[in-house]
Amino acid sequence: MSVAVFGASGYTGGELLRILISHPSFSIAAATSRKYASKPIYIAHPHLKGLLFLKFSTIEEAMNKDYDYVLLALPHGLSKDIVPSLLDRGVKIVDLGADFRLKDPSLYKRWYGWNHPHPELLKEAVYGLPELHREEIKGARLVASPGCNSTATILASAPLVKLGARKILADVKVGSSEAGSNPSKSSHHPERSGVIRPYSASGHRHQVEAYQELSELVKDEVKVSIVPHSVGSVRGAFASAHVQMEVSELELWKAFARFYAGEPFIRVMQKGIYPNVKNVIGSNFADLGFSSDPSLPRITGFAAIDNLMKGAAGQAIQSLNLMAGVEETLGLKLPPINPV
Ligand SMILES: NC(=O)c1ccc[n+]([C@@H]2O[C@H](COP(=O)([O-])OP(=O)(O)OC[C@H]3O[C@@H](n4cnc5c(N)ncnc54)[C@H](OP(=O)(O)O)[C@@H]3O)[C@@H](O)[C@H]2O)c1
């Protein structure tokens with residue numbers, strides 16, 4: 001099967017290419033970039049030199065090529081205008097951006113600043129978190145792959161919501177690659193290095209996704225607030241999802257083990273061992289754990305992911321595998337690298 005990557009010169013685009021290079025079921029038909037159009041892939045991604053003999057094309061050129069699937073790794077707001085014509089051609093899509101993640105069209109104006117031109121496609125799009133929507137992803141034409149903060153928050157919270165939690169206060173620490181490869185003042189090395197600070201602290205866009213998905217999971221309203229924090233590392237997202245309730249350690253363990261039984265990319269930590277982003281970097285694993293403090297009472301679910309893998313490219317390929325009817329883990333059995 002063939003696949004095109006739009007937005008292939010960016011960070012998630014580079015990760016998609018890295019995974020696809022050795023994927024047994026897919027060949028790369030096109031990789032787009034405006035900046036690097038007609039230049040070899042290794043000009044943007046020197047780490048892929050000698051591994052992929054392809055040149056970047058523009059989106060306009062790529063739209064005229066033939067392929068079965070497209071992975072969209074473009075900034076928010078671009079996919080919504082491209083997706084309808086790709087679907088008309090019979091191409092199936094995984095969008096890594098936010099344009100099709102929210103079911104309620106009115107939320108786009110509030111959180112992204114534009115009115116959604118294709119509300120009918122929001123109904124059809126499947127939220128690409130296989131742990132929640134595996135069967136729907138298999139039959140989808142359009143998958144909206146989750147944000148990294150929301151992936152970490154949802155994975156840390158889902159078993160707690162199943163236990164009855166209805167208010168989640170999530171703190172997510174995330175590395176600099178989350179902001180993409182386009183430089184800004186806050187991503188400049190002297191500004192970013194060593195940083196630990198909150199951003200979008202009064203309401204991050206990803207909390208709407210987490211609200212939507214966790215509420216849908218239990219068919220009841222689950223309020224979610226996410227406060228993300230920038231940290232100095234390049235990769236990694238770590239969610240601590242706090243709820244005020246009392247549950248024994250044994251029940252918590254059972255809830256996590258039951259909810260994620262058989263999940264190929266979820267690793268639930270034993271009691272007393274906490275997840276650490278350093279143990280998942282370069283892989284599609286999400287390491288999960290929990291802690292409790294009866295004095296409030298308080299329970300916290302933890303999730304550690306690589307934001308560019310389980311938080312973006314790895315998760316998108318997991319959905320692509322499911323859509324294509326091949327083994328879900330194909331191309332993704334990449335062990336984490338250590339030390340990082
Ligand atoms: N970074 C993460 O941790 C992460 C996690 C989950 C989801 N996502 C989502 O994935 C998407 C890509 O993120 P990223 O971090 O890979 O961003 P990025 O590094 O900035 O890459 C963006 C890509 O889109 C292309 N592009 C930008 N503006 C364009 C335009 N107007 N027309 C056509 N192409 C354009 C860029 O290439 P040229 O400028 O050369 O065209 C580049 O290839 C975003 O929607 C992001 O929210 C990112």
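Reply: A term to begin with: two strands pair if DSSP finds at least two bridges between them. Helices (H or I, at least four residues) and strands (E, at least two) are DSSP runs, numbered from the N terminus.

Me: What is the bridge partner of Ser291 in β13?

Reply: Thr300 is the bridge partner of Ser291. Strands β12 (residues 286-293) and β13 (residues 298-305) pair in the antiparallel sense, over 8 bridges.

Me: What kind of model is this, and how are residues numbered?

Reply: This is a predicted model, where local features need pLDDT of at least 70, side-chain atom pairs count only at pLDDT 80 or more, and totals for chains, interfaces and linings use all residues. Residues are numbered from 1 along each chain as its sequence is written.

Me: What is the strand order in the open sheet of 7 strands?

Reply: The order is β8-β9-β7-β10-β13-β12-β11, and the pairing is mixed.

Me: Which strands stand at the edges there?

Reply: β8 (196-198) and β11 (266-268). Each has a single partner strand, so one side of each is left without a neighbour in the sheet. From one strand to the next, the twist averages 20°.

Me: Which helix packs on that sheet?

Reply: Helix α11 (residues 249-259) does, touching β11, β12 and β13. Its direction makes about 160° with that of β12. Axes are lines fitted to C-alpha atoms, for helices over the stretch in contact, and angles run from 0 to 180 degrees between N-to-C directions. Two residues are in contact if their C-beta atoms, placed from the backbone, lie within 7 Å.

Me: Now the open sheet of 6 strands. What is its order?

Reply: It runs β2-β1-β3-β4-β6-β5, with parallel pairing. β2 (27-31) and β5 (126-127) stand at the edges. Both have a single partner strand, so one side of each lacks a neighbour in the sheet.

Me: How many bridges join β4 to β6?

Reply: 3 bridges join β4 (residues 92-95) to β6 (residues 142-144), and the two run parallel. Asp95 stands opposite Ala144 in β6.

Me: What does α1 touch on this sheet?

Reply: α1 packs on the sheet and touches β1 (2-6), β2 and β3 (69-72). The direction of α1 makes about 160° with that of β1.

Me: How many residues of α1 are buried?

Reply: 10 of its 11 residues are buried, so α1 is mostly covered. Buried means 20 or more other C-beta atoms within 10 Å of a residue's own; exposed means 12 or fewer, and partly exposed is in between, with C-beta atoms placed from the backbone. Among the buried ones are Tyr11, Glu15 and Arg18. The buried residues of α1 pack against β1, β2, α2 (41-44), β3 and α12.

Me: On to the ligand. How many residues surround the ligand, and which are the closest?

Reply: 30 residues surround it, and the closest are Gly7, Gly10, Lys35, Gly97 and Gly180. A residue is near a molecule or strand if its C-beta atom, placed from the backbone, lies within 6 Å of it.

Me: Which helix gives the most to that shell?

Reply: Helix α1 (residues 11-21), with 3 residues. The shell divides into 12 nonpolar, 15 polar and 3 charged residues. Ala, Val, Leu, Ile, Met, Phe, Trp, Tyr, Cys and Pro count as nonpolar, Asp, Glu, Lys and Arg as charged, and the others, Gly among them, as polar.

Me: Why does the ligand lie between the domains?

Reply: Domain 1 (2-145 + 312-324) and domain 2 (148-305) both give residues to the shell, so the ligand lies between them. Domain bounds come from an automatic or database domain assignment.

Me: How many residues are in contact between domain 1 and domain 2?

Reply: 16 residues of domain 1 are in contact with 17 residues of domain 2. On the side of domain 1 that touches domain 2, α12 gives the most, with 3 residues. That side divides into 9 nonpolar, 4 polar and 3 charged residues. The C-alpha centres of the two domains lie 24 Å apart.

Me: Is Asn307 buried or exposed?

Reply: Asn307 is buried, with 29 other C-beta atoms within 10 Å. Asn307 lies in the loop between β13 and α12. Leaving aside neighbours within four places in sequence, its contacts include Cys148, Glu178 and Arg235.

Me: And Ile337, buried or exposed?

Reply: Ile337 counts as exposed, with 12 C-beta neighbours inside 10 Å. Ile337 lies in the segment after α12.
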